Amino acid sequence: MIRRKTTRARRRVLTVIAAALAAVLAVLPLSACGSAAGGSSSEGSDPNAIISVNAVEPTGELLPGNVADTAGWKVITQVFDGLVTFSSDGGLEYDDAESITPNDDASEYTVKLKSGLTFSNGEAVTAESYARAWSYAANAANGQLGAAIFATIKGYDDVQDPNGDPDAQLSGLEAVDDTTLKVTLNAPDSSFPYKVGDVAFLPLPSVAYDDMDAFGKKPIGNGPYTLESWTVNDSIELRRSASYTGPRAAQNGGISFRVYSDLDTAYADLQAGNLDILDQIPSSALPTYQSDSQIEAYSQTGPAFKSITIPQSLEHFQGEEGTLRREAISLAIDREGICTKILSNGATPATDFLAPSIAGYSTDIDSDKVLSYDADRAKQLWAQADAISPWSGTFSIAYNADGDNKTWVDAVANSISNALGIDAQGLSLPTSKEFSTEVNERTIGAAFRSGIQSDYPHPEGYLAQGYDSAYADGKGLNNGDYKSEAFDSYMDEAAKETDLDKAVSIYQDAERQLLKDLPVIPLWDMNVNAGSSTAMQDVVFNYMGLPSYYQLTKRG
């Protein structure tokens, strides 16, 4: 009886979250576009068309536990299926899983897999495929960037020795049989059914463990596409999997991810009909792309929270001095002006640490107005910090030059310079790969552009992933290495709460702590500003604000 009651509570949570997300994720296409159902192409489309889309070079090899950049995410989520997926409005949907059932306090889960699942090489996808992959990703000896997301699973601490046995398994995972995985957690985690939607939770075939480096260059997955070729700094070619039987059946012949060093070049190719989909319009074209007759234009609310991370180790940004300077920097940024004039209303000024499409998003949580532009108050705080330790040098904001960053970074730096009377400048690194490497290795030595676009549409995916101490020190997305016992305790408390309304209240308490500490400086939430060639027929965007690649169709 109790278990049945808990299951109903879980369904209520999922229903409420889905409803909340659906209410705010309304798609607003500026040009007509259809939405095809999975499994069959739209009438008049070419079912074998190869769809070309923009990309940058992935930071590293395509291993589920080591993908920490959007470029890698785009590819690997098409080559693999996981336990769950999400609808375009953020609703949870089962993929490989038939069910995910919690015990009474959400500290233990029983995962039932669908029968007959296979990888593209014919190997069966089993409970052991998942258990072994999760253990590999969690094990510090394997150096995976996504390791910390497994911290709530029992046995995680036992595999955190970088010099330990790389084959050691998480004790909290038990493959009861081929289709049943029992997961025992260290503590309750009500977000777990959503969390397994993270890319790190994807399964691996046994062949991967023969040579993981080689596997990462040409992974064998269980998703709607197989990887045909990867030409570094040029393209990654995916082709429709002939053996795929899951819910995301490809309606096209494949996806060609084309690497661009800048978005302006990609936009010119879009206009010329040489690129089918551009998922981010460059700043230079934002004022005009909606009326550009050479393309089809799209705009919708997006899940991408953007910020500037000021590392905890950065000189002048520690202790009381650091608290004063972080708030001063935040107050010195004219978000409204930059969103309007530089980003042509393609973004919404941040009001918290979530995105508008995420349950718990708030426009009135910032009671102290630290996310508002106030140059006079910023100067006062900066002067107070100078009384502790005089400022010298340049406030640098690092970014990658192969993304559309220079214009807004320069605008933010100018706003800071004008408000505080200091030298603030952008610090350009040539590629996303070089930028991410310096961030991950903690060698960047400056503030840097950052943001979160969680793999799973749940507030935990933004808050715990970005700021919990478990995800610091290179173990996750907390790249500023922020550590706060108060914040961590809020995350622990929220994880125990299966009622979403109560959980949201706790998450907002955690955000109030972040507003005091400002481990990152929230900037804005990016809208989906995208375009397609006029040859495209069906263009659908997913919960990540990226094209739903398997649903894309092109006129025959």
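Reply: Helix H3 (residues 127–138) gives 3 residues to the lining of the largest cavity, the most of any contributor. Helices here are DSSP runs of H or I with at least four residues, strands are runs of E with at least two, and both are numbered from the N terminus. A cavity is a set of points, on a 1 Å grid over the protein atoms alone, where a 1.4 Å probe fits but cannot get out; lining residues have an atom within 4 Å of a point.

Some ground rules. This is a predicted model, in which local features need pLDDT of at least 70 and side-chain atom pairs count only at pLDDT 80 or more, while totals for chains, interfaces and linings use all residues. Residues are numbered from 1 along each chain as its sequence is written, and side-chain values use heavy atoms, with hydrogens and water left out.

Back to the cavity. The whole structure holds 4 cavities of 30 Å³ or more. The largest has a volume of about 60 Å³, taken as the space filled by probe spheres set on the grid points, which are joined across faces, edges and corners. Its lining includes Ala-133, Tyr-136 and Ala-137. Leu-63, Pro-64, Gly-65, Gln-144 and Met-212 also line this cavity, as do Ala-200, Leu-202 and Leu-204. By type, the lining has 9 nonpolar residues, 2 polar and no charged. Ala, Val, Leu, Ile, Met, Phe, Trp, Tyr, Cys and Pro count as nonpolar; Asp, Glu, Lys and Arg as charged; the others, Gly among them, as polar.

Next, the packing. The largest nonpolar core has 158 residues. Such a core is a set of buried Ala, Val, Leu, Ile, Met, Phe, Trp, Tyr and Cys residues joined through side-chain atoms within 4.5 Å. Buried means under 20% relative accessible area, exposed over 50%, and partly exposed in between, with a 1.4 Å probe and protein chains only. Trp-134 and Trp-524 are among the residues that touch the most other members of this core. Leaving aside neighbours within four places in sequence, Trp-524 contacts (heavy atoms within 4.5 Å) residues including Ile-338, Cys-339, Trp-408 and Val-412. A second, separate core has 6 residues, including Leu-429 and Phe-448.

After H8 comes Ser-344, with a positive phi near 50°.

Leu-518 sits in the loop between helix H14 (500–517) and strand E18 (520–533). Its phi is positive, about 45°, although it is not a glycine. Leu-518 counts as buried because its relative accessibility is 1%.

Ser-191 lies in the loop between strand E8 (180–184) and helix H4 (192–195). Ser-191 has a relative accessible area of 1%, so it is buried. Lys-496 is 305 residues away from Ser-191 in sequence, yet their C-alpha atoms are 9.0 Å apart. Glu-460, in helix H12, touches Ser-191, Lys-195, Gln-465, Tyr-471 and Tyr-507, not counting residues up to four places away in sequence. Glu-460 has 8% relative accessibility and therefore counts as buried. Asp-481 has a positive phi, near 60°.

Key:
1 Å grid on protein atoms, 1.4 Å probe; cavity = no way out; pocket = protein on both sides within 12 Å on 5 of 7 lines; lining within 4 Å.
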